[in-house]
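I opened this one to see how the pieces pack. My notes are below, in the order I looked things up.

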Amino acid sequence: MSRYQFDQIDDLGRILFCDDPALRLERVPMNRETAEGVVALGHARHMPAALFEFRQAVGVGSFGYIAPRGASADEMPEEPQIEGAILFGMRRLPPDLSRLRWIPGWTLHEIPDEQPKLEQHFGYSYSRLELRTPDGEIYSRTWVPHDPEWTAAAGRHGYVVCLCGVELGIRAPYAMTNAQHTPGMRHEAFRSGCAVGLNIGGLVAYADHR
């Protein structure tokens, strides 16, 4: 893969649990579709989640996402990264988020990103998260501080709630610090992204390389 392609897949990322105030997905039922029918997997509750917010996307600039001029409230904007993922089986997240579905073939890989100086001086290490399509290509990649509790939960369940899109509440509004960007504001941005069809996601198989 070329340097240009790698630059395109590096996105903003965050790991948390589904009952985090920024997501509020603990009551959302999870389903897996099989040849025999739909199997209920229970509710999200304290399920691990990985967020990939596109660094480069149509309509995104220094002030975050801005709807195209002249677009009506009912008109769903098109983002090539989202439409391409849907062709590979990813699901668009509806505004009401009535359920989370299993996304067959997609995998989330957690890979240790060793940086001895950071660990020595600050006491933490990073993980590289790669979300891969059914054909093994990297769809999105990000770096997050390693969280043993999150990794243990992902390994125990064998899958993670993966959310990708333009508005997931990771990118703070212009001139606002992360400390000022409250969980309530993050949740509002996440729901707004779902309302205009700019977020996708579901249950994805987890692979631990640590």
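These entries go through the model, the cores, a helix, some strands and a few single residues.

**Ground rules.** I am working with a predicted model, where local features need pLDDT of at least 70, side-chain atom pairs count only at pLDDT 80 or more, and totals for chains, interfaces and linings use all residues. Residues are numbered from 1 along each chain as its sequence is written, and side-chain values use heavy atoms, with hydrogens and water left out.

**Cores.** I started with the nonpolar cores, meaning sets of buried Ala, Val, Leu, Ile, Met, Phe, Trp, Tyr and Cys residues joined through side-chain atoms within 4.5 Å. For burial I use relative accessible area: buried is under 20%, exposed is over 50%, and partly exposed is in between, with a 1.4 Å probe and protein chains only. The largest core holds 27 residues, and Trp106, Leu131 and Trp150 are among those with the most contacts inside it. There is a second, separate core of 23 residues, which includes Leu25, Leu168 and Cys194.

**Cysteines.** How many disulfides does the structure hold? I found zero, taking a disulfide as a pair of cysteine sulfur atoms within 2.5 Å. For Cys162, the nearest cysteine sulfur is that of Cys164, 6.3 Å away. Cys162 is buried at 0% relative accessible area, and Cys194 also counts as buried, at 2%.

**Helix H4.** Helices (H or I, at least four residues) and strands (E, at least two) are DSSP runs, numbered from the N terminus. H4 covers residues 148-157, and its buried residues are Trp150, Thr151, Ala153 and Ala154. Why do I call them one side of H4? They cover an arc of only 165° around the axis, so they sit on the same side; the arc is that of the directions from the helix axis to the C-beta atoms. The general rule is that an α-helix has 3.6 residues a turn, so residues three or four places apart point the same way. On the other side of H4, I see Pro148 and Arg156 exposed.

I then checked what covers the buried residues of H4, with contact meaning heavy atoms within 4.5 Å. The cover includes strands S1 (12-17), S4 (48-53), S7 (100-113), S10 (159-165) and S11 (199-208). At the start of H4, a side-chain oxygen of Asp147 comes to within 3.0 Å of the backbone nitrogen of Glu149. After H4 comes Gly158, with a positive phi near 85°.

**Strand S10.** Seven of the seven residues of S10 are buried, so the strand is largely enclosed by the rest of the structure. Tyr159, Val161, Leu163 and Gly165 point one way, and Val160, Cys162 and Cys164 the other. For pairing, I need DSSP to find at least two bridges between two strands. S4 and S10 run parallel with five bridges, and Phe52 stands opposite Cys164. S10 and S11 run antiparallel with seven bridges, and Tyr159 stands opposite Ala205.

**S2 and its partners.** S2 (residues 29-34) is joined to S3 by five bridges, antiparallel. The two form a hairpin with two residues between them, and Pro29 has His43 as its bridge partner in S3. S2 also pairs with S7, in the parallel sense, over two bridges; Met30 has Leu100 as its partner there.

**The S3-S4 loop.** His46 lies in the loop between S3 (37-43) and S4 and is partly exposed at 39% relative accessible area. Which residue does the His46 side chain join by a polar contact? It is Asp19, at 3.1 Å. A polar contact is a pair of N or O atoms within 3.5 Å; within protein, one must be able to donate a hydrogen and the other to accept it, and residues adjacent in sequence count only if both atoms are side-chain atoms. His46 and Asp19 are 27 residues apart in sequence but 5.6 Å apart C-alpha to C-alpha. Not counting residues up to four places away in sequence, His46 touches Phe17, Asp19 and Glu149.

Most residues other than glycine have a negative phi. Arg45 has a positive one, near 40°, and is exposed at 54%. Leu97 has phi near 45°, but this residue is buried at 4%, in the loop between H2 (80-87) and S7.

**A buried arginine.** Last, I looked up Arg141 in S9 (residues 138-145). Arg141 is buried at 10% relative accessible area, and its side chain makes a 2.6 Å polar contact with the side chain of Asp10.
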